[in-house]
Amino acid sequence: MSVDNAAVATITASRAGKYLTFFLAGEEYGLEILKVSEIIGLQPITRVPRTPEFVRGVINLRGKVIPITDLRMKFGMGAEDSEDSCIIVVQMRGIQTGIVVDRVSEVVAIGEADIEDAPSFGAGIRTEFLLGIGKAGGRVKLLLDIDRVLATAEIAALQAAQTHAE
């Protein structure tokens with residue numbers, strides 16, 4: 001029994017840390033800062049045929065082609081760029097990829113006591129891509145597990161887009 005409690009404590013403790021926070025459709029999200037490579041301005045994106053709608057295409061980042069995912073489209077919010085939109089370059093399951101967000105907010109440290117499990121909304125509502133719900137600065141932040149945001153088939157589509165563009 002104590003092994004299970006230790007495993008739960010390890011999982012909870014592993015969620016504590018620094019998060020880069022950003023906005024999508026007025027809601028604040030967070031990514032583990034260790035997964036973030038850099039933040040770049042929105043630039044022209046080359047569309048790759050036969051990729052899912054949320055895969056905007058690819059960009060050339062200092063000689064390396066990286067796929068770009070629009071999180072608004074992935075989460076069913078509809079694409080909408082603004083002058084504050086930018087690309088967060090992340091490492092996701094060994095793939096360097098960019099995610100388009102409305103705007104970047106700040107880096108915050110969130111302790112394990114300030115992170116709660118994602119609530120269950122019932123059958124048909126998927127929340128497995130959430131590490132948890134963080135509370136910092138008087139606001140609630142949805143903490144994303146970037147490795148789970150895209151399913152395995154979607155990762156394959158990103159790799160195909162990258163390979164096709166190279």
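**Salt bridges and burial**

I began with Asp145, which is buried, its relative accessible area being 14%. This is a predicted model, and I read every value below with that in mind.

I then looked up the partner of Asp145 and found that its side chain meets that of Arg148 in a salt bridge, at 3.7 Å from N to O. Arg148 has a relative accessible area of 46% and is therefore partly exposed, whereas Asp145 counts as buried because its 14% falls under the 20% cut-off. I also noted a network in which Glu28, Arg139 and Lys141 are joined by salt bridges that share partners.

Next I searched the whole structure, which gave eleven salt bridges.

I turned to Arg56 and asked which residues it pairs with. One of them is Asp70, in a salt bridge whose closest N and O atoms are 2.8 Å apart. I placed Asp70 in strand 5 (residues 64-70) and Arg56 in strand 4 (residues 55-61), so that this pair, 14 residues apart, links distant parts of the chain. Asp70 has a relative accessibility of 1% and counts as buried.

Asp81 also forms a salt bridge with Arg56, and here the closest N and O atoms lie 2.7 Å apart. I located Asp81 in the loop between helix 2 (71-74) and strand 6 (86-92), while Arg56 belongs to strand 4; the two are 25 residues apart, and the pair again links distant parts of the chain. For Asp81 I recorded a relative accessible area of 40%, which makes this residue partly exposed.

Technical notes:
Residues are numbered from 1 along each chain as its sequence is written. This is a predicted model: local features need pLDDT of at least 70, side-chain atom pairs count only at pLDDT 80 or more; totals for chains, interfaces and linings use all residues. Side-chain values use heavy atoms; hydrogens and water are left out. A salt bridge is a side-chain nitrogen of Lys or Arg within 4 Å of a carboxyl oxygen of Asp or Glu. Helices (H or I, at least four residues) and strands (E, at least two) are DSSP runs, numbered from the N terminus. Buried means under 20% relative accessible area, exposed over 50%, partly exposed in between (1.4 Å probe, protein chains only).
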